[in-house]
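Biologist: I have not looked at this one before. Can you take me through it?
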Amino acid sequence: MRISDSNLLAAIAALGVEHKADVSLAQKTSLEIGGTSDVLLIHKHESLPGLIQLLKDNQVPHRFLGGGSNVLLPDGELPWVVLQLARQDPEVRFEGNNVFVDCAADLGRTVTTCAKHDLGGLEGLIGVPGSIGGALRMNAGAYGTQIGTYVREVKIYRAATGQIETLRGSEINFEYRHTSFAPDDIMLTVRLELPSKSYSEILQGIRICNEKRRASQPLNQKSAGCIFKNPPGGSAGRMIDELGLKGHSVGDARVSDRHANFFINAGHATQSDMLALIADVRRRVHERYGIELEEEVIVWKEQ
Ligand code: EPU
């Protein structure tokens, strides 16, 4: 969506929000699928309540994009303006075992920054792509680590009140790839409490996780990580593999040869290629195993 109303553009600028016209969103997502839209880059968290009110008053539909690593966007011109948080400086601040992290920060970089301060616990998350905010929203996890374990406080823009609020960790439900945040809440800053560990011990853990990941996941291809959540007690990847679906494709959307729960953009896949592949695999898994797989990837669709 384009914003062309000059009064609205002036009001957006007056809030300190940067307007970027006609941005290619494929370049902002790890799947490299997505059309174009205007992007509003938020430099100061405090401008969010005013900005969202302004967009509502002017009936401008909007969506918030985090690190872009777990999302499937439509092609063509999107029917929403896209909001994004600009990176803050510094991104990470330390107070003893407490770490205050800006939610636009990259997850992997945060893990290594904490390691350099002898703070561990997050080693399992090292190769998970995306931002701290996205990791929080999904309660990202790998190799026995889930970020929710370490969350003590989160500053969010709360859609229900239109205000910036601080939630205690105990007020938030962190479940397997699911949290109690509302879909239109926006994560701003998080306080994590991390266990002390020596840098060399953390590096050793990071190396082991990196090796496991390299051996089992298609890291240098365009994907959104696992496309489905694992069903309770099961493995979506193993079931899809057992069905012989590695390499199965719709257009340029393809089931990875390396890990069957990773769906790859092998060229110029569109959202509809990927959705057709997801639907086809889900149907086949249901037919064989009687299990309805749930998407882990967040799909932006017009309701
Ligand atoms: N398997 C196969 N074929 C495959 C893939 C897996 O037989 O193509 C088998 C493996 O051999 C293993 C089992 O399935 O016995 C489980 O596989 P894996 O260890 O790769 O873990 P996963 O359950 O497929 C989960 C997370 C990953 C996370 C890894 C490591 C989900 C949906 N996936 O994968 O997270 O990196 O464990 O902890 O929970 C993500 O969330 O995007 C993601 C990639």
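Biologist: How far is a polar side-chain atom of Arg-238 from an oxygen atom of the ligand?
Modeller: This is a predicted model. In it, the distance from a polar side-chain atom of Arg-238 to a ligand oxygen is 2.7 Å.

Biologist: And what about Arg-177?
Modeller: Arg-177 has a polar side-chain atom 2.9 Å from an oxygen atom of the ligand.

Biologist: How much of the ligand does the protein cover?
Modeller: On its own the ligand has 820 Å² of accessible area, and the protein covers 73% of that.

Biologist: Which elements give two or more residues to the shell?
Modeller: Those are β15 (223–226) and α6 (236–242). The largest share, three residues, is from α6.

Biologist: Which residues come nearest to the ligand?
Modeller: Out of 20 residues around the ligand, the nearest are Tyr-143, Tyr-176, Asn-230, Arg-238 and Asp-241. By class, the shell has seven nonpolar, seven polar and six charged residues.

Biologist: Changing topic: how many helices and strands does the protein chain have?
Modeller: The chain has seven helices and 19 strands. Its radius of gyration is 20 Å, close to the 19 Å from the globule rule for 303 residues, so the chain is as compact as a globular protein of that length.

Biologist: What share of the residues is buried?
Modeller: Of the 303 residues in the protein chain, 48% count as buried. The chain exposes about 14,100 Å², with carbon and sulfur atoms supplying 46% of it.

Methods. Residues numbered from 1 in each chain as written. Predicted model: local features only at pLDDT ≥ 70, side-chain atom pairs only at ≥ 80, totals over all residues. Heavy atoms only, no water. Near = heavy atom within 4 Å. Polar contact = N/O pair within 3.5 Å; in protein donor to acceptor, adjacent residues only side chain to side chain. Areas by Shrake-Rupley, 256 points an atom, 1.4 Å probe, with all protein chains shown as cover. Helix = DSSP H or I, 4+ residues; strand = E, 2+ residues; numbered from the N terminus. Nonpolar A, V, L, I, M, F, W, Y, C, P; charged D, E, K, R; others polar. Rg over C-alpha atoms; globule rule 2.2 N^0.38 Å. Buried < 20%, exposed > 50% of the residue type's maximum accessible area, 1.4 Å probe, protein only.
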